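This report describes one protein structure for a reader new to the subject. Please look at the sequence and the model before reading on.

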Amino acid sequence: MKNFLFVGILFFWPLYGVSQVVTYRGLVVDDSGIAIPNVLITTQVSANRVNSDYEGRFTITLPRDSLRSLFFSRLGFNRKEVRLRDLSSFTKVTLHPANMELDNVVVTAAKKHEHKGMVGCRHSVVNRTVLNAGFEEGVFLKPKHRNAFLKDVYVYIEDFENSNPQASFRVHVYEDDSLPGKEITTKEHISHGEYGGGWVRVDLSQEYIDIDSGIFIGIEWLGNASGGIAIGLAKHSRDREQRNGVFVYTRDLHGSRWGFRLLRTIPMIYMTYGYAKS
């Protein structure tokens with residue numbers, strides 16, 4: 001009898017273990033019903049965290065009865081708590097825009113004419129690189145003028161058989177610390193290519209990033225399509241490297257390390273910046 005009871009426990013224990021977890025699925029939208037990608041979804045336990053995908057959908061598996069709420073947060077929206085008892089097998093979660101009230105400030109600046117500069121590569125394509133989801137290309141660029149701040153970043157997205165030119169990508173800006181250092185960008189700058197490929201402009205003027213000492217610009221594919229996103233490449237000449245400080249780095253899927261790419265080509269990325277003559 002004891003042996004039978006022991007065998008019974010061994011048989012039903014896996015089923016008991018399975019019953020102790022539950023999977024929640026849902027969709028995150030704004031007040032207008034538009035899907036919100038890259039929403040961070042967390043619990044009281046920091047180990048339990050996921051992000052909504054490009055279409056705003058999420059899936060999270062949690063221990064049953066050990067947690068009470070999910071927390072949804074994203075830059076520009078109010079953080080929201082949803083109790084697990086209010087979640088169904090598929091739940092639509094609505095986030096409301098954050099109200100940012102600023103005091104009125106009057107600033108009087110000396111009259112200076114702003115000039116516009118450009119640095120980087122925008123020449124004809126000679127090759128290409130395909131980024132898989134999570135990978136990132138980083139390019140070091142330095143302006144030719146002092147008192148410069150970043151205005152726009154232009155990325156050339158190619159259209160060929162192994163990539164999706166309409167795939168989304170995120171632009172990061174990093175401090176120069178021999179390798180890409182601390183990220184400077186404080187907002188999410190997500191863009192996408194158009195059908196047929198071509199130059200994509202990303203406006204970074206509201207970040208007011210000082211670039212006198214040079215910066216790394218990283219292009220990360222968000223993986224919202226099968227295949228990859230193809231970034232056009234241009235010839236890598238020593239003369240241009242010395243003049244504009246072009247060095248190319250790639251980051252792996254886990255984002256844990258950067259490495260120098262030995263190919264004598266650079267991604268088709270350039271930036272425009274504003275500066276004031278002293």
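## Basis of the model

This is a predicted model, in which local features need pLDDT of at least 70 and side-chain atom pairs count only at pLDDT 80 or more, while totals for chains, interfaces and linings use all residues. Residues are numbered from 1 along each chain as its sequence is written, and side-chain values use heavy atoms, with hydrogens and water left out.

## Overall make-up

The protein has two helices and 21 strands (DSSP runs, H or I of at least four residues for helices and E of at least two for strands, numbered from the N terminus). Of its 278 residues, 42% count as buried, meaning under 20% relative accessible area with a 1.4 Å probe, protein chains only.

## Nonpolar cores

A nonpolar core is a set of buried Ala, Val, Leu, Ile, Met, Phe, Trp, Tyr and Cys residues joined through side-chain atoms within 4.5 Å. The largest one has 28 residues, and Leu-150, Phe-169 and Ile-217 are among those with the most contacts inside it. Elements giving two or more residues to this core include β10 (136-141), β11 (148-158) and β16 (215-221). The most comes from β11, with five residues. Another core, of 18 residues, lies apart from it and includes Val-28 and Phe-72.

## Ser-69

Strand β5 (residues 69-73) contains Ser-69. This residue is buried, with a relative accessible area of 1%. Its side chain is joined to that of Glu-81 by a polar contact of 2.7 Å (a pair of N or O atoms within 3.5 Å; within protein, one must be able to donate a hydrogen and the other to accept it, and residues adjacent in sequence count only if both atoms are side-chain atoms).

How values were computed:
Buried means under 20% relative accessible area, exposed over 50%, partly exposed in between (1.4 Å probe, protein chains only).
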